[in-house]
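User: I am new to this structure and would like to learn how to read it. Could you walk me through its features one at a time?

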Amino acid sequence: MEDVCEGKDFSFPKNEEKILHLWSEIKAFETQLARTKDYPEYIFYDGPPFATGLPHYGHILAGTIKDIVTRYHTMTGHHVTRRFGWDCHGLPVENEIDKKLGIKRREDVLKFGIDKYNEECRSIVTRYVEEWEKIVTRTGRWIDFKDDYKTMDLKFMESVWWVFAQLFERGLVYKGFKVMPYSTGCKTPLSNFEASQEYRDVPDPEIMVTFPIVGDPHNAALVAWTTTPWTLPSNLALCVNANFTYVKVSNKYSGKIFVVAESRLSGLPSLKPKTNVANGSVDTSKKSNSKSKGSSDEKKDNVDDKSSKSKGSVDTSKKSNSKSKGSSAEKKDNIDDSYEVLERFLGASLVGVKYEPLFNYFPELSDVAFRVVADNYVTDDSGTGIVHCAPAFGEDDYRVCSENEIIRKGENLIVAVDDDGCFTEKITDFSGCYVKDADKDIIESVKVKGRLVKTGTFTHSYPFCPRSKTPLIYRAVPSWFVRVEQLKDQLLENNKQTYWVPDFVKEKRFHNWLENARDWAISRSRFWGTPLPLWISEDGEEIIVMDSIQKFEKLSGVKIFDLHRHNIDHITIPSSRGPEFGVLHRVDDVFDCWFESGSMPYAYIHYPFENVELFEKNFPGHFVAEGLDQTRGWFYTLMVLSTALFGKPAFRNLICNGLVLAEDGKKMSKSLQNYPSPMGVIDDYGADALRLYLINSPVVRAEPLRFKREGVYGVVKDVFLPWYNAYRFLVQNAKRLEVEGSAPFVPIDPTTLQKSSNVLDQWINSATESLVYFVRQEMSGYRLYTVVPYLLKFLDNLTNIYVRFNRKRLKGRTGEEDCRTALSTLFNVLVLSCKVMAPFTPFFTEVLYQNMRKVSNEAEESIHYCTFPLAGGERDERIEKSVTRMMTIIDLARNIRERHNKPLKTPLREMVIVHPDSDFLDDIAGKLREYVLEELNVRSLVPCNDTLKYASLQAEPDFSVLGRRLGKDMGKVAAAVKRMTHEEILAFEKDGKVTIHGHCLQLSDIKVVRDFKRPVGTTEKEIDAKGDGDVLVILDLRPDESLFEAGIAREIVNRIQKLRKKTALEPTDAVEVFFESLDQDQSISQRVLQSQELYIRDAIGSQLLPSSVLPPYAVILGEETFHGISGISFVIRLSRPTVAFNSREVLALYSGNTKLAGGLQTYLLSRDLANLKSQFQRGNGKITVDSIENVPAVDLVLGKQVFLTVGDFYSSTRSEEN
């Protein structure tokens, strides 16, 4: 293995760039696909994004989820085709071109030319493809950009035609009208979720209008309330609720007689006489606090919610902040003073009543229109309980008027507002006026007619077109529909066959959406899209649906190269009935782009024209993943089309992620610049860190994530640096073996390692097997949010338990054989954990693998060619549990120390571990004892399985659980629980239940509280304890003179270690450490150095030498003076290891000639120490020096005349003295 740098010098982003170069060099992704081509298929559908904008964190998140899952299934023995897709058609592209060309109206496009307009659209579709490929590749995602699919490709479009033709043949397609959210700025209807993307607080008018009842003996008028005055010219009906009580009331001042719901009588103005008021109308145009009919204080997910809007307006159901005089409840006595109730009756009695139209724009409908109908969508929480219906501008209005045969569903509907949102010539008084601008004039006209009862304004949250920034309206548009309502039962059944993570999105959000599914308007009166393959004769009697290019070419006699409008609109089909019937022309519409993306499972492989076997063997697809918003979008269209075509769901497994928000909780916005650049974050911290940050967050459970740059840094600091340091520790100590002259490190085979007698080897091997088992189990359930925390905990255990507690073994201080076993165990665990983590962190695992494979038999060129580890090894649950408890013990003991200001450097005499499990106590007092004592600096550990010796037990009833269940018996049961004796509590814990006053109580019903029972005669400062409900730790905190010297020794070691760090030494850098006492009375330090010699040597890896033996030629690497450390002062010096001489023996070689002896010493000091050591090893501790000019040759014996370290020389002289 090659040497590796210190963690602070390791650049994760730069190493990722090197791995990208490696992958490119060896064609890693292409090779992986080729190697697995004969494996079982795992079909993954990638939802196509628009390439007209750059990828953001939402794309990176979804891409990371997809990459993890597909990498995992490749490693578990599948062939996973991953082709990137592009959504090329639709409004986002057209809107860009409209801005570029200054297009405002539909006529502008026709004047410019559909051909030129569409080619302009085509030219920008792939504008950001290179940027997408760069960013997606940089995130580590493996996906094929060369063999991508585009919804504008001829083959894709042909399959879309086939899908439509299948639906048409099955009678699932019809033409009709649909009231939809409509953008007057973009001249097109919007999908439901597009319409809910941008809301603004805006003021709108609210008015009450009279509709005189034809033939009423009192000349009474129905009073309706609306927030969209511009829809009044198109009024065709009034709607009441048949179950409400209505009243006919007479105003005591004006004599006017009104009909309203009794519960809304308070909403009428008093109409007390005022000056300068015409026709009895009242202007109350001040801010109001009312809401539009049927609105709620909570914005619905669906902008089509029938109960959430007034006609013409789009879902104003967000909270309104404004107030309106007259629309809030008046005091009852004020109403009683103003109105006299003449009659009371149910709304059902009003059905069929005719009224005088407000305007006379629809005289042709007078026989069927201008009458009262009833429907339960009318509410009494606002308004008057009477709703005016304009079927062209309200979804409920359209439905109610259709059901009551005022209009006929599917027939031509008069829509008196054009594509630009202006009144048509039908509305003569306001023709050509933009509807929102016409509100004031319409209100004035109503007032002049004497039909205005009240007017006001209110501010509410209103939807705007996210592209044109114009207010949306509801408008009936002619469309081709798919009969989704007919498929509803099958859709719900197919949804049950799918598996979602998280499941509540499937069971609630998506289920509810399907349950309320309505027929889907799949056509758009636009230009850049897949044209509907419908050719219709002029008399409408003959319809031909093209299901293939072959059929189109055959019937038209024209060779087809492209299916966009400008290339096929002019092509006609001769009538099959004969020349006298003329030709068939294509309908103008194109498909909604959601129909195209819903056709993706078939169209991206050109089914059924190609890949028939591939599709039919592997449908439904295995996996899809997108954001929560796609429950109304792509997930829905996939399900509808697959159900209609094949009676199956389109997918088997689905991961739904939440939204990534800016740090302040707002939507990420380029204009606000409220989020960091994705590439900037990757350049600073690396893609792996970003991937783990996103995956280990609530967003994978379909909850929102507030993105924080610091969170990505936290992953580097808390995950990757400790992981890297564990790997670096392995490499350094493996290289150390070679430096010290031992054989190069070759890992021991895993089978042999399983037999290691070391408890931590056994534990980490078992923990690794548990990791593999857990990840396989959770990944099979697509629960990424459980996998990552487990992986992170494993890495934490590896670095903070295995490496930390095994430093002596790994550094070779327990012998070379034990060292090689520990290093091999660490190596094996790192390789296995890298394979497990490879789908999650593809770069870093590759970095480690590429270096580690150099000393192993890992033949694979990339870690991503490796098979995912099998969960077949031995697992020792007992030792895993014991080590977990050991760490708990250590944490509890540290907590006690902190509470009493007893640092770890202060040795303590004794600790007691209390637990009823004898197996655990055996492990703690046996195999794990030395680790606990060393980590906590405690001299003695006493196990105790008598839980009552140091604890008192108290049973407490859980009132939150029992209160509801026991009712009036709660008091006496609670009292009895609190009186339970120790013996009764222990029996309850053993049996798991107890019966009290006839009620069976389980473990979850009673809390057993264990309070520490301090030994008699001791105080909290002397003996203290801490428990976690499972294990109890007791520490003896009393000072002990016998531990004084051990405490000082620990302080000295601590200062040495800090000086090593300060001097920037690596853990494997060999140094010699010298101690000089600055005290007048040096007896204390001398006593400490003698009594604690073994501990100090063990802790610093070498002897602590007296400064008196520091040779003058030694190179000092670091030096520091310390005063008042546990009452002593001293100097610590670190020097580079150097040769030492026994001067007496060297002089003897030259018969006392000091000059010759000096020449030999100078020569040896000039030699490289490692080479000199190797020479002595080759000579079995002896070398001959015969290369010094004018100096006789001599034979040197290591350990007699020459020593390779000062420490060796010092040990030799001490042994001679002894």
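**Reading the structure step by step**

Analyst: Let us start with a cavity: the lining of the second largest cavity divides into 8 nonpolar residues, 1 polar and no charged. Here Ala, Val, Leu, Ile, Met, Phe, Trp, Tyr, Cys and Pro count as nonpolar, Asp, Glu, Lys and Arg as charged, and the others, Gly among them, as polar. Before we go on, note that this is a predicted model, where local features need pLDDT of at least 70, side-chain atom pairs count only at pLDDT 80 or more, and totals for chains, interfaces and linings use all residues. Residues are numbered from 1 along each chain as its sequence is written, and side-chain values use heavy atoms, with hydrogens and water left out.

User: How is a cavity found, and how many cavities of 30 Å³ or more are there?

Analyst: Rolling a probe the size of a water molecule over the atoms shows where empty space is left. On a 1 Å grid over the protein atoms alone, a cavity is a set of points where a 1.4 Å probe fits but cannot get out, and lining residues have an atom within 4 Å of a point. Grid points are joined across faces, edges and corners, and a volume is the space filled by probe spheres set on the points. The count here is 8 cavities of 30 Å³ or more.

User: Which residues line the second largest cavity?

Analyst: The lining consists of Ile 43, Tyr 45, Pro 601, Tyr 604, Ile 605, Leu 614, Phe 615, Asn 618 and Phe 619. The space inside the second largest cavity is about 60 Å³.

User: What does the chain look like as a whole, and how many helices and strands does it have?

Analyst: Helices (H or I, at least four residues) and strands (E, at least two) are DSSP runs, numbered from the N terminus. This chain has 42 helices and 43 strands. Its radius of gyration is 42 Å, well over the 33 Å that the globule rule gives for 1218 residues, so the chain is more spread out than a compact globule. That radius is taken over C-alpha atoms, and the globule rule is 2.2 Å times the number of residues to the power 0.38. Along its principal axes, the C-alpha trace spans about 140 × 85 × 60 Å.

User: What share of the residues is buried?

Analyst: Buried means under 20% relative accessible area, exposed over 50%, and partly exposed in between (1.4 Å probe, protein chains only). Of the 1218 residues in the chain, 56% are buried. One case is Thr 459, which counts as buried at 14% relative accessibility and lies in strand β14 (residues 452-463).

User: How do I read aromatic pairs, and what is their count?

Analyst: Rings of Phe, Tyr and Trp (its six-membered ring) pair if their centres lie within 6.5 Å; planes under 30 degrees apart count as stacked, over 60 as edge-to-face and the rest as tilted. By this rule there are 67 aromatic pairs. Take Phe 12 and Phe 844: their ring centres are 5.6 Å apart and their planes meet at 50 degrees, so this pair is tilted. Phe 12 is in helix α1 (residues 12-26) and Phe 844 in helix α29 (residues 842-852), so the pair ties together parts that are 832 residues apart in sequence. Phe 12 is buried at 10% relative accessibility, and Phe 844 is buried at 2%. Next, Tyr 72 and Phe 868 make an edge-to-face pair, 4.9 Å centre to centre with 75 degrees between the planes. This pair too links distant parts of the chain, with Tyr 72 in helix α3 (residues 57-75) and Phe 868 in the loop between α29 and α30 (877-899), 796 residues apart.

User: Which residues form one aromatic cluster?

Analyst: Phe 10, Phe 12, Phe 720, Trp 723, Tyr 724, Tyr 727 and Phe 844 do.

User: What should I look for in the backbone?

Analyst: Most residues other than glycine have a negative phi, and most peptide bonds are trans. Here, the peptide bond from Phe 619 to Pro 620 is cis, with omega near 0 degrees, and Pro 620 lies in the loop between α19 (612-617) and β24 (621-627). Another cis bond joins Val 501 and Pro 502, with omega about -5 degrees.

User: Where is Asn 1190 found, and is Asn 1190 buried or exposed?

Analyst: Asn 1190 is in the loop between β41 (1182-1185) and β42 (1194-1197), and at 70% relative accessibility it counts as exposed. Its phi is near 65 degrees, a positive value in a residue other than glycine.

Conventions. 1 Å grid on protein atoms, 1.4 Å probe; cavity = no way out; pocket = protein on both sides within 12 Å on 5 of 7 lines; lining within 4 Å.
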